[in-house]
Amino acid sequence: MKDKVLAWLRLFRVVNLPTVPGDVLVGAACVIALNTLSFERLGDVAARSIVGAALASILIYMFGLADNDIIGANTDKGRPIPDGLISLPAARLARGLCWLGTLAIGYAIKLPPEWWCAAMALLVSIALYNRTKTSFHMGLCRALNVLCGAAALSPRVIPVDTSRWEALLNRGTFAALGAAAVWLVYIAAVTKYSEGEEADDAKKSRVGFLVGVIVYLQLAALLLLVFCNGMVKPLLVAGALLLIALRVMKRLLPRVSAS
């Protein structure tokens, strides 16, 4: 039973999960920091949008991990599926449930059409990466995750008489695009560097560390945005809690692969 649980934790790379919501926080913080006056009237709607988008991104990330291991079931030795610890039908079911969960959250929270477009683009990018293994597509996945955070909030922080295009093309969205570009370059570089890590334990450890560094980039971005607008402080606190969660999980689950 313990081996089965560990296998599922390895399949979903749970030690990496705390790095995912931070991307959404950065995208949302960009929108909040640069659209102060209209944001003040949102209240709980903004909080629900941010939490919903963050949870959805975690499920999309888990979908991608399951999809990746399903595709590599015959080649990725040392993973739970080829080792016989998780069956292909069970992995496919888990993949489907992750996607259904994403749809359920988007519907329940009533996330705007812009978020649905960003989420679909993220799904496509994940599918392309799993089938091509190009570092660009991996970087694009994390960049689109930032944009999911911005898209979940951006249409809701502008005056009601503003057109849809003006709602989408606000200063916060452009700031989120800048952050997304940084994420793309960093993660693409880490992914490129990680090639061949399976045969080198030291390199695999370094890659795990570099993946974890993304949380510090998220915190740096959130801290910078706090100086632009104090209303971002709750998101900075949330980012700090994600860093603590990452460190704790790495300490408690050293046997779970981080990449």
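The largest nonpolar core here has 42 residues, and those with the most contacts inside it are F12, M62, I81, W115 and L122. By nonpolar core I mean a set of buried Ala, Val, Leu, Ile, Met, Phe, Trp, Tyr and Cys residues joined through side-chain atoms within 4.5 Å. Buried means under 20% relative accessible area, exposed over 50%, and partly exposed in between, with a 1.4 Å probe and protein chains only. Two or more residues of this core come from each of α1 (2-11), α2 (19-33), α4 (44-71), α5 (88-109), α6 (113-132) and α7 (135-153). Of these, α4 gives the most, with 12 residues.

Before going on, a word on the source. This is a predicted model, in which local features need pLDDT of at least 70 and side-chain atom pairs count only at pLDDT 80 or more, while totals for chains, interfaces and linings use all residues. Residues are numbered from 1 along each chain as its sequence is written, and side-chain values use heavy atoms, with hydrogens and water left out.

Back to L122. Leaving out residues up to four places away in sequence, L122 touches I60, C141, L144, N145 and C148; contact means heavy atoms within 4.5 Å. There is also a second, separate core, of 37 residues, which includes V31, A46, A176 and L222.

Now the chain as a whole. It has 11 helices and 0 strands; helices (H or I, at least four residues) and strands (E, at least two) are DSSP runs, numbered from the N terminus. Of its 259 residues, 54% count as buried. Among contacts with a separation of 6 or more, 79% are between residues 24 or more positions apart.

Next, what classes of residue line the second largest pocket? The lining has 14 nonpolar, no polar and no charged residues. Here Ala, Val, Leu, Ile, Met, Phe, Trp, Tyr, Cys and Pro count as nonpolar, Asp, Glu, Lys and Arg as charged, and the others, Gly among them, as polar. The largest share of that lining, 5 residues, comes from α4.

Last, H137, which is found in helix α7. Is H137 buried or exposed? H137 counts as buried because its relative accessibility is 17%. Again leaving out residues up to four places away in sequence, H137 touches S125, L128, Y129 and T132.
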